[in-house]
Amino acid sequence: MDQQPPLGRPKNKDGGLLKRSLTSLFSLMGLQLGSRLLTFVLNQALFRLASPQAYGTAAIQFELILSTILFLSREEHGRGIPSSIPKGQILTDDHVPAFTNLSALPIILGLPVSLATTVAYSTLASDDVRRQPHFHVALTIYVFAALSELFSEPMHNRAMGEVRTGVRVRAEGLGITCKTLVTYLVLLYDSTRLDSGEFALVAFALGQLAYSSVVFFSYVYQMGYPTFLPTRLATRQESEAVASRSTFYHIASQYFDISSLRLSLTMTGQSIVKHILTEGDKIILSWWSHLEDQGGYAIAVNYGSLVARIVFQPLEETCRVYFSRTLCPLSEAKSTSSGPQFDRRSLGQASEILLSLVSIQLVCSVLVIVFATVYLPIFLHLLLPIQYLSTSAPEVLAAWIWYIPALAINGVLEAFFSSIATSKDLRRQSRWLVGFSVVFIVSAIGFYASGFGDVSLVYANIINLAARIVYAAQYASTFFDRNKTVHRWKASAPTWQFLLAAVLSYLAISMTKIHHQADILLQTKGRGAIFSALVMSHLAQGAGMGLCCVVTWWLTSGRYLVRRAPVKTD
């Protein structure tokens, strides 16, 4: 078997890249943490003012309508827009007319798509949903919010074409803050009225309208007013229009880049299928679940996804950048028929980092499962308002404990895949992802039919992510084998000493008398028992056992991972 040569100490540029990647990771996590903390605090107050029925309608059903309008109006055309800019260039004055015209298509399509979607939803919505106060008013506001967001599309696309990502970050960040604040203020006013809850749906709708309006005016302030209607191009693509033998293309060639327009129209059917698969959980939830349980599911996912947004998303983005730069192919002259060639030392470094990341995430996953399953009932009384404790939220959050590890490992593996995958690999993955999504939908319906309730969606997502993890891990193994680099997944497995410490910790905190007494106290006194001496001592016991597990991991494997990782040298 081929053995990997000793890596030795990496050059300064590799250590510097790792250090810059870690700095970028912590900056992104800090940015996510800061912005999410503000919305988290506001959401805490918001959840306590809104009923599960109103929150379920807004967060599941109205959000589904909003995403459907936006997706069908702009998604397929958004894919065609980049092709109107020559490869390797940014947007210049020569490309502006065709680029602007194609960006205006979502606005043109928005009105008929909104009308069709609204009529279909109003017809299919259940009686419980339609009987809520001001349902049609709130739905109309959501449609106007979607149209308002579509008017931002030309400016959004131009900002992306000019690589001005800061414009988008500022616009959307301010929009999210204003959305939460407006929703909270309207709900607060509604709570002071005798007929409390009458304007709950309207509050969420006005918050969404505030978001789209703030995003639009923020783009206008930073980029100026765009052109909302297509303008005639200076040069027409006669040959393509004639070749198509279509009056539609003959007229369209006067306003649009024909190749980009054809790509956009070709992607329409695929986009509809993709949208159904992407929003499958909301569609299934709207069909199978009671309205109040939809609100419980929505609030549970809101809390569960905080970890994904604050930690996993920045980690995934940083990994993608790091692996892309580390595994940069050698010159084409050194490529072979089997594919591009890579520097052996860079391959070894990438393998070490990938295994180390997976190893750390497996350890964290064990800790989450061991301790969160025991202490979640305590934190439920802190996180969930009283009216949500009787919904499906507690069960969904308990299922999320098992979902978080799959989410973490999948994120890193797919970041590695996207960093090195060729166009052929991406096409193959797209076909598999469609299959995995179908498995998710079938699994979710099967779980619902078997009586699992709203946790069916979480279990189905775990199955979906497990399949994607296997696919990405197999791809990574094949990649390193093809490049003759030793890569053993078993090296990332937790040590038996750590697993033993975790099992003993679980037994110590779940099988003792203090755990059962704390459980009984919480069930009888609720939130008032959280800061009692009994519950606090139970938490202290868990913290002590958790520290023992971390120390065991550090002594048996953690310190060796740190030594193995590339560091900056002077």
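**Group meeting: helices and cores**

This protein has 21 helices and 0 strands; helices are DSSP runs of H or I with at least four residues, strands are runs of E with at least two, and both are numbered from the N terminus. The model is predicted, so local features need pLDDT of at least 70 and side-chain atom pairs pLDDT 80 or more, while totals for chains, interfaces and linings use all residues. Residues are numbered from 1 along each chain as its sequence is written, and side-chain values use heavy atoms, with hydrogens and water left out.

Of the 570 residues, 48% are buried, meaning under 20% relative accessible area with a 1.4 Å probe, protein chains only.

Next, the cores. A nonpolar core is a set of buried Ala, Val, Leu, Ile, Met, Phe, Trp, Tyr and Cys residues joined through side-chain atoms within 4.5 Å. The largest has 97 residues, and Y55, L354 and F416 touch the most other members. Helix α16, residues 393-420, gives the most to this core, with 18 residues. What does L354 contact, leaving aside neighbours within four places in sequence? The partners are F323, V412, L413, F416, A476, F480, H487 and W489, where contact means heavy atoms within 4.5 Å. A second, separate core has 21 residues, including V370 and W553.

Helix α4 (residues 105-124) and helix α6 (residues 135-151) pack at about 160°, axes 10 Å apart; axes are lines fitted to C-alpha atoms over the stretch in contact, and angles run from 0 to 180 degrees between N-to-C directions. Therefore α4 is roughly antiparallel to α6, the term for angles over 145 degrees. Among the residues that meet are L111 in α4 and L147 in α6.

Key:
Buried < 20%, exposed > 50% of the residue type's maximum accessible area, 1.4 Å probe, protein only. Parallel < 35°, antiparallel > 145°, perpendicular 65-115°, else oblique.
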